[in-house]
Amino acid sequence: ISDKFSDIFRQLSGKATISEKNIQDAVEEIKVALLEADVNLRVVRRFVNRTIEEAKGEAVLKAVNPGQQFVKIVNDKIVQLLGDEHQDLELKGPDALSSILMMGLQGSGKTTTSAKLGLRLKKEGRRVLLVAADLVRPAAVDQLKVLGKQVDLEVFSLEKEKDPVKLVGEAKKYAIKSSFNTMIVDTSGRLHLDEEMMKQIVDIKRVLDPQEQLFVADSMTGQEAVTIAKSFDEQVGISGVVLTKFDSDTRGGAALSLKSVTGKPIKYVGVGEKPEDLDPFYPERIASRILGMGDVVSLVEKAQETIDLEEAAALQEKMISATFTLEDYLESFARMRKMGSVQSLLEMIPGAKGAISEDDIDEKEMKKEEAIILSMTIVERRNHRIIGPSRRKRIAKGSGSSVAEVNRLIKRFEKMRLMMKKVSKNKKYQAKLMQNLGV
Ligand code: GDP
Ligand code: MG
């Protein structure tokens with residue numbers, strides 16, 4: 001009975017709209033989850049607070065609690081923030097030469113990603129030339145040559161040239177002469193950002209005039225990647241991000257931080273060391289990994305799906321025939337507390353504002369009423385009609401209240417019962433109910 005009642009009351013009251021209070025626990029959990037996923041602290045705060053503001057007042061679905069629904073809202077927000085769909089590279093048509101500049105710190109995966117991207121574009125029918133412009137790391141040119149062989153792509157390199165800017169100029173001439181239509185330029189990285197490196201890559205960019213300037217970020221570096229991306233974006237410009245090493249056990253919070261701080265789309269994700277291991281970026285997948293609450297998200301999704309008209313009608317039936325007892329009423333207090341605001345509850349019930357006023361059910365009053373009901377016997381709680389004058393006196397004594405207060409409680413309870421019946425037959429309420437059910 002009490003389960004049935006909770007459902008009914010919940011719908012009657014609109015239960016739950018999302019309030020700051022009733023999602024408090026979920027908010028804490030979400031913050032921890034995001035921090036554990038290595039999302040930047042400031043991003044977490046701003047993001048979560050903004051989402052709370054937006055979610056407030058939203059009606060909660062049957063079969064889930066406000067916190068669970070909030071998790072789903074956060075998940076959807078992350079997906080939205082990360083970009084709703086995969087963003088393709090913006091290259092010129094096949095008759096013109098397009099170029100892609102790879103940049104990032106040493107070890108982030110630039111060389112590997114150059115080959116991976118080359119393979120992908122080759123499969124799309126482009127004529128790709130890999131350009132070995134990392135002249136700092138001794139084995140870098142050889143590494144690209146080995147990878148080039150694996151993916152069967154030509155690698156442009158000059159043995160004597162020490163200046164990457166000049167090398168890129170030569171590579172461009174060669175590409176045009178040999179009718180390549182795509183150049184992928186692998187550049188050197190440093191362990192940390194430095195001025196010389198930035199100046200050099202700006203010079204390379206000027207000569208290359210690339211269509212895409214991809215920032216390659218190791219997803220395991222988390223916070224650090226954000227700072228670095230920001231300075232690359234300010235000084236050179238970023239058109240997109242490639243997140244590498246997503247096959248590691250990183251939760252991938254860097255994706256959220258990077259997108260949120262730079263606003264630049266994440267275009268690909270590296271998921272292994274082999275040339276095939278480059279995936280388009282799918283925000284849904286990454287979002288659920290970052291949040292790590294896939295179970296809750298699918299629970300809410302299921303709740304959204306399964307609620308249909310039939311169920312709403314069945315609920316309606318239950319409400320009309322419901323045996324609403326003082327026992328149920330008692331339980332409703334706990335629920336009302338969880339809901340947070342009595343006001344928001346009342347606003348959900350058409351006609352309820354007249355029937356019960358706000359100060360009818362404030363917290364102090366609730367405590368008092370709780371005490372009164374607790375002083376009743378189970379039999380009394382289940383059938384309020386048997387509570388005559390002598391019982392009322394006994395109950396008043398037992399709960400430390402006056403007989404007038406007991407009378408008032410019973411009167412209000414009867415009024416509420418009546419209202420439930422009336423309201424459940426009301427067309428306007430039915431429409432509202434359907435809306436709350438998400439039908
Ligand atoms: P660079 O210094 O930026 O050119 O980085 P490299 O391309 O040389 O990559 C550094 C290391 O990371 C190499 O051992 C790569 O095999 C490895 N690596 C790059 N991308 C990935 C990836 O997506 N997953 C894994 N597991 N390893 C990667
Ligand atoms: Mg390299």
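A crossing of two helices is right-handed if the near helix is turned clockwise from the far one by less than a right angle. The views below come from a predicted model.

**View 1. Helices α5 and α6 cross in a right-handed sense.** Helix α5 covers residues 110-123 and helix α6 covers residues 140-151. Their axes come within 10 Å and cross at roughly 25°. Angles under 35 degrees count as roughly parallel, so α5 is roughly parallel to α6.

**View 2. Residues of α5 meet residues of α6.** On the α5 side, the contact is made by T111, T112, S114, A115, G118 and L119. On the α6 side, it is made by A140, Q143, L144, L147, G148, Q150 and V151. Sorted by class, this contact of α5 with α6 has six nonpolar residues, seven polar residues and no charged ones.

**View 3. Eight strands form an open sheet.** The strand order is β3-β2-β4-β1-β5-β6-β7-β8, and the pairing is mixed. Strands β3 (154-156) and β8 (278-280) are the edge strands, each pairing on one side only. From one strand to the next, the twist averages 25°.

**View 4. Strand β5 is joined to strand β6.** Strand β5 spans residues 212-218, and strand β6 spans residues 240-244. The two run parallel and are joined by five bridges. Within this pair, F215 stands opposite V241 of β6.

**View 5. Helix α8 packs on the sheet.**

Methods:
Residues numbered from 1 in each chain as written. Chains lettered and ligands numbered in written order. Predicted model: local features only at pLDDT ≥ 70, side-chain atom pairs only at ≥ 80, totals over all residues. Axes fitted to C-alpha atoms, helices over the stretch in contact; angles between N-to-C directions. Helix = DSSP H or I, 4+ residues; strand = E, 2+ residues; numbered from the N terminus. Parallel < 35°, antiparallel > 145°, perpendicular 65-115°, else oblique. Contact = placed C-beta atoms within 7 Å. Nonpolar A, V, L, I, M, F, W, Y, C, P; charged D, E, K, R; others polar. Pairing = 2+ DSSP bridges.
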